[in-house]
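Here is a brief report on selected local features of one protein model. Please keep the structure in view while reading.

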Amino acid sequence: MSDTHFTEDHVWVRMDGDGTATVGISEYAQEQLGDIVYIDLPEIGAESSVGEEIALIESVKSTSD
């Protein structure tokens with residue numbers, strides 16, 4: 001996972017070979033969120049800038065950008 005980078009908020013990003021990025025959350029974050037009830041994702045192909053919020057995950061315990 002040397003090509004995977006983590007933020008302090010347990011989000012990870014991995015650059016794919018075609019110039020796109022795959023983004024996810026760590027196992028720890030998944031455990032802390034519990035059951036997920038809603039996810040708001042950007043449209044496929046959407047572009048974003050560093051530090052910009054791009055998705056919303058809502059669980060029975062909390063909401064996270």
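Start at Ser26, which sits in the loop between S3 and helix H1 (27–33). The model is predicted. Ser26 has a relative accessible area of 9%. That is under 20%, so Ser26 counts as buried. Leaving out residues up to four places away in sequence, Ser26 touches Phe6, His10 and Trp12.

His10 lies in the loop between strand S1 (4–6) and strand S2 (11–15). The phi of His10 is positive, about 70°, although His10 is not a glycine. Most residues other than glycine have a negative phi. The relative accessible area of His10 is 32%, so His10 is partly exposed.

Next comes the pairing of S2 with S3. The two strands run antiparallel to each other, with 5 bridges between them. Met15 has Ala21 in S3 as its bridge partner. S2 and S3 form a hairpin, and 5 residues separate the two strands. Gly19 in the turn has a positive phi of about 90°.

Met15 also takes part in a surface feature. Together with Val13, Val23 and Ile54, Met15 makes a nonpolar surface patch of about 320 Å². Val23 belongs to strand S3 (residues 21–25). Its relative accessibility is 44%, so Val23 counts as partly exposed.

Ser59 is another serine to inspect. Ser59 is in strand S5 (residues 56–59). At 7% relative accessibility, Ser59 is buried. A polar atom of the Ser59 side chain lies 2.8 Å from the backbone oxygen of Leu33. Leu33 is also among the contacts of Ser59, along with Asp35, Ile36 and Val37, when neighbours within four places in sequence are set aside.

The table lists accessibility for the residues discussed.

| Residue | Relative accessibility | Class |
|---|---|---|
| Ser26 | 9% | buried |
| Ser59 | 7% | buried |
| His10 | 32% | partly exposed |
| Val23 | 44% | partly exposed |

Which atom of Leu33 lies 2.8 Å from a polar atom of the Ser59 side chain? It is the backbone oxygen of Leu33.

Definitions and conventions: Residues are numbered from 1 along each chain as its sequence is written. This is a predicted model: local features need pLDDT of at least 70, side-chain atom pairs count only at pLDDT 80 or more; totals for chains, interfaces and linings use all residues. Side-chain values use heavy atoms; hydrogens and water are left out. Patches are made of residues with over 30% relative accessible area and no salt bridge: like charges are joined within 9 Å, nonpolar side chains (Val, Leu, Ile, Met, Phe, Trp, Tyr) within 5 Å. Accessible areas come from the Shrake-Rupley method with a 1.4 Å probe; for residues, only the protein chains shown count as cover. A salt bridge is a side-chain nitrogen of Lys or Arg within 4 Å of a carboxyl oxygen of Asp or Glu. Helices (H or I, at least four residues) and strands (E, at least two) are DSSP runs, numbered from the N terminus. Buried means under 20% relative accessible area, exposed over 50%, partly exposed in between (1.4 Å probe, protein chains only). A polar contact is a pair of N or O atoms within 3.5 Å; within protein, one must be able to donate a hydrogen and the other to accept it, and residues adjacent in sequence count only if both atoms are side-chain atoms. Contact means heavy atoms within 4.5 Å. Two strands pair if DSSP finds at least two bridges between them.
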